[in-house]
Every structure is written in structure tokens, then in C-alpha cells.
Amino acid sequence: MVLAMNRSKSLLKNTFILGIGKLFSKVLVFIMVPLYSRWLSTGDYGTFDLYTTYISLLVPLLTLSCGEAVFRYLLDADENFDKKRIISSGFAIIFVSSIIGFLIVCCYFVKNQRGMMIPFVIYLLADSLYSFLTAYLRGIKKISLYAISSIICVFSTFIFVTALVYFCGFGLIGIIYGYALAYCLSALFIIIKTRFFEYISFDMIKILEVKRLLKYSAPLVPNSISWWIVNGSDRTIINIVLGSTFNGIYAIANKVPAMCTTLFSVFHLSWQENASSSINDEDRDYYFSNIMNKMLIELLSISICITSINFILFDYIFDAKYKMGYFHVPILITSVIFSVLSQYFGGIFIGLKEPKYNGITTVLAAVVNILINVSFINTIGLYAASGSTLIAYIFLCLIRYFIIKQKVNLQFKRSLIKYLFIYIYFIIAVYIDNLYLNILNIFLAGLLFLFINRNMIKSILVYFTSKIQLLNNTNNKF
């Protein structure tokens, strides 16, 4: 019992710390989205979203996903010597692979879009470095610094993009440089704050360590590519078949479920570490099932709240030219639910040190996504993109669950069914699109959220009340 409490507290603490940074970041990002939708044309915004999608594909290719290997092996490293060997070898991998990737990307842009080569390459390299450094931060368990670096990244993005796009009028190039500068600033913060280069030594780069890291990370590369196909191939297909304007609309529609994705990406980061630490415990099946059920109830409550405010975002916040995206949001939010559950199962695979299952299952889901999207995009338009994403995630979730069941006995609670039916009601209400019903649903969603999270809210209030009381008592002594 004590062990279970300690594990849950560790998971909750890490999720809470990361959540502060992500929540602040997400609020600021959401403020930025309607501004970008006004500062940029739908075509430019669609092109930027497409470039961002390509970056998310190229980063794991350039780094060979070795950041994830560095993170996983740092968790087991106790000695400073071992940490230096792991970090130095991992950094050597991304340094060499980044040079090769840099040359390949430059060759492509020289032949196609020479004017975008420099900003794109700078953005790509900055993102690659930042991704590696954040994995390193998690590995050395500097969770608070991870949260702070997230805040710095988003806040500086807002400043740089506003300066370059709004004030300087640089448009598409300005927003790319803005993001690249923000990643560089955040990376510099991590390097200085953790004295990163003290972990780097040429003598610590060992061939055997490089092979060990690559053996772990190699299966994650096709996994990352497949995740990109499920998440990002939609943009490419839309851009080719329907054009960049429709891509911009689809990009805005994705910003709404992205709120949910970001919140639970925080949990996913904490869960990877927690699952790895608990994988050999006697009660792991009960513990994993308990966490899974709590996560799903929280996920449904947050998804319901986001769905209830969908009409406010598209009627009063986003520019009117993106209104078509309103009807794709429920499909995409439902996709997020299955995506988060799939990532939860993926965390267990990481804990079992069997990342190959993550890669194999994601490749299969990617194939499903592309086949459905390409088959129907000419007939049903954007619904082919959102629908194929949903079906691919359902497929991914189911296939991972059946594999996991052979290794871990996961049990779903029956109480999940009632919350699922409530969620379906809110989905239907979106398509009815009645103003009075929408307003009523905001209050219903708020009440439901308070009811579901009453124990957590109570614990938070008790915690802060005790801290305030302790502070008052301390002040009274003086």
C-alpha cells in the first residue's frame, strides 16, 4: 500500500510540475492562434502548418530518436561516470546525423524552394537540439527545469513571432524564424542551467554505448515516422488534393483538440518514467489498471469541457474564414482520446523495454490512415482526413491493448460506460449547433468536471490552505 501511494504521489507530482508549464504554455498558444489566423492568410498559415508537420517528421530522423534512449538509460544510471558516457554518446549521434540531415535538406530546397531553405534548416536544427535537451532533462530528473523551459519556449515564441510577423511584416518567413529563435533560447537556458557541457567529453564517447543507444532507439524511428503519418500525413494529402487554404482550416480545427493533447502529453512524459520504475512490482497489474481508469475519466471530463466551448472558439475567437473547421473538432477530439490511451499502452512497452511493439503497431495504424484518407478525400473532402485519423487511432488502441493483455492484466471499470454516453451527448450537441443548447452545455460540462474531479480539487484546496496557514503562522512569529 505504501509503495502504491509513493508511486502515485511521484506520478502526480511530476504531472503537476510539468502541467504548470504546459498549462501556461497552452493558454499563451491559444492566445496566439487567433492572432496568427488574422496576421496570416489561410494559405500562409496552411504552409506554415505543413512545414511544422515536416519538422515533426524530420526531427526523429535527424536525431535517430536517440533522445528517448538517453532518457531511458539515464533513469537507470546512478554514477556520474555512467551519465557522462550516455549523454556524450547520445550527443555524438545527433551531431553526426544532424550534419547528414542538414546536407540532404539543403539539396532538396536548392532544387525546389531555395528562398525557404535557410529559415527551414535553422528551424529544423533548433527543434532537434531542443528535443534532445528536453529528453536529457527528463533523464536526469530535472522536471521543474523542463516545465520552466517549456514556458520560456512559448513565451519567447510569442515575442519573436509578434515582432517579426506583426511589426516587421515578414509573414511566413517571420513565423518560422520566430519559432526557431524560441527553441534556441530555450535550449540555451537548459545548457546554462544544467551545465550541460560538463557531461560532454570526447573521451566518454564509447562505440559500445553508441550501439546500445541505437539498438534501443532504432525501433522508435519507424514508430515516430508512423506517428507522423497518422498525425501529419493528413496535411500533406490535403495540401496536394484540396490546397493550402483547406490545410489552414484543418490546422485551426486541430488547435482545439491540441489543448487536450498537450495536457495529456504531460501525463505521458511522467507515465513513461513511472511505468519503467514500477514494471517489476508485484502489484503492477492492479496499479496500471487503476491509473488507466483514472486517466480515462479525467480525459473524458476534459474532452467534454473542450467540446462544450467549441462554438465560442469558432464563432467569436477564430476568424470567420475558418468556420468549416468547427464540425471536424468532435471527430478530432475523439481521436485524441484513443491516441492518449494508445500512448499509455506505449509507456508500458517502454517500461518492458520492448519499444518494437510501439513501432510495429504504429506502422500498421499509419497504413490504415493513409489508405482511408487517399480513398475518400476526393469524395468527402476534409472529413476523410479527420475520419481516417479517428479510425487509425481506434485501430492502434485496440491492437496495442490486445498485445498488452498478454503481458499485463489490465481491467476497465464499468463506470466508464456512463461517462462515455455523456460524452456522446456533447458530440451530438455540436452538430445540432443551437445557441441556447450550447450555453446550457457549458454549465453542464462545468458541473460534471467539478463532480468528477471533486476529490482532486479538494486535495489541492487543502494543500494550498495548509501552505497559507503555515506561512501566516511563520509571519506571526516575527
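## Helix packing in a predicted model

Q: At what angle do the axes of helix H12 (residues 310-317) and helix H17 (residues 435-452) cross?
A: Happy to start here: the model is predicted, with local features needing pLDDT of at least 70 and side-chain atom pairs pLDDT 80 or more, while totals for chains, interfaces and linings use all residues. Residues are numbered from 1 along each chain as its sequence is written, and side-chain values use heavy atoms, without hydrogens and water. Helices are DSSP runs (H or I, at least four residues) numbered from the N terminus, and axes are lines fitted to C-alpha atoms over the stretch in contact, with angles from 0 to 180 degrees between N-to-C directions. The axes of H12 and H17 come within 10 Å, and they cross at roughly 125°.

Q: Which residues of H17 meet H12?
A: Contact means heavy atoms within 4.5 Å. By class, this contact has six nonpolar, one polar and no charged residues (Ala, Val, Leu, Ile, Met, Phe, Trp, Tyr, Cys and Pro count as nonpolar, Asp, Glu, Lys and Arg as charged, the others, Gly among them, as polar). From H12 come Phe-311, Ile-312 and Tyr-316, and they meet H17 at Leu-435, Asn-438, Ile-439 and Ile-442.

Q: Are H3 and H5 roughly parallel or roughly antiparallel?
A: Helix H3 (residues 66-75) packs on helix H5 (residues 117-139) at about 10°, with the axes 8 Å apart. Angles under 35 degrees count as roughly parallel, over 145 as roughly antiparallel, 65 to 115 as roughly perpendicular and the rest as oblique. The angle therefore makes H3 and H5 roughly parallel.

Q: What is the handedness of the crossing where H11 passes H16?
A: The axes of H11 (residues 284-308) and H16 (residues 416-432) come within 10 Å and cross at roughly 15°. A crossing is left-handed if the near helix is turned anticlockwise from the far one by less than a right angle, and right-handed if clockwise. For H11 passing H16, the crossing is left-handed.

Q: How many of the 23 residues of H13 are buried?
A: Helix H13 (residues 329-351) reaches 33 Å from its first C-alpha to its last, close to the 33 Å expected at 1.5 Å a residue (1.5 Å times one less than its number of residues). Buried means under 20% relative accessible area, exposed over 50% and partly exposed in between, with a 1.4 Å probe and protein chains only. H13 is largely enclosed by the rest of the structure, because its buried residues number 21 of 23.

Terms used. Helix = DSSP H or I, 4+ residues; strand = E, 2+ residues; numbered from the N terminus.
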